Amino acid sequence: MKSSRSVNKLFEEAQDNLAILITRTRQLRRLTLALRALLDSELAPHCYISNIEEPLLSVYVDSAAWATRFRFQVPQLLPRLRQANPAFARVSNIRVSIVAQRHTAAPLPKAPRGPMLSEDNANIINTLSNSIDDPPLQQALRRLAHHARRK
């Protein structure tokens, strides 16, 4: 019977921790929406508040390009943030971090292992190799001619 009490206690603790996590996630989502409302429509969907610990606001963006664009807006953004939401009242610095998003698109097809020669160019190189007296160069030209695209 003692083990069932400890299992119940574990569930209670897990529920408490989960409740804290859910509350924090909701808070960060609300703050992210408040931040995005102050950004231009192109930049907004690429920015996420990851943490707020006064006086620092941590923001994630999904590429270096968006991070640069966001950093240019920080001086004008800070006073507007403080006015827009009391949660930002003591924020005096914004740290921007880049977190790349995973793309679920199909992978790109593999490129050929090198430039492919047309069949005409391969014939020219092969003919040239026959007129060369240097055997290593002759073999190299024949290997090169072998990479032709065949019709």
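Contact here means heavy atoms within 4.5 Å. This is a predicted model, where local features need pLDDT of at least 70, side-chain atom pairs count only at pLDDT 80 or more, and totals for chains, interfaces and linings use all residues. Residues are numbered from 1 along each chain as its sequence is written, and side-chain values use heavy atoms, with hydrogens and water left out.

**Exercise 1.** Find which residues of helix H4 (residues 135-145) are buried, and what covers them.

*Solution.* Helices are DSSP runs (H or I, at least four residues), numbered from the N terminus. Buried means under 20% relative accessible area, exposed over 50%, and partly exposed in between (1.4 Å probe, protein chains only).

- Step one: Gln138, Leu141 and Ala145 are the buried ones. They span an arc of only 65° around the axis, so they sit on the same side of H4. (The arc is that of the directions from the helix axis to the C-beta atoms.)
- Step three: the cover over the buried residues includes helix H3 (119-130).

**Exercise 2.** Work out how H3 and H4 pack.

*Solution.* Axes are lines fitted to C-alpha atoms, for helices over the stretch in contact, and angles run from 0 to 180 degrees between N-to-C directions.

- Step one: the packing angle is about 165°, and the axes are 8 Å apart. That makes H3 roughly antiparallel to H4 (over 145 degrees).
- Step two: look at who touches whom. Residues of H3 including Ala122 and Ile125 meet a set in H4 with Leu141 and Leu144 among them.

Definitions and conventions
Helices (H or I, at least four residues) and strands (E, at least two) are DSSP runs, numbered from the N terminus. Angles under 35 degrees count as roughly parallel, over 145 as roughly antiparallel, 65 to 115 as roughly perpendicular and the rest as oblique.
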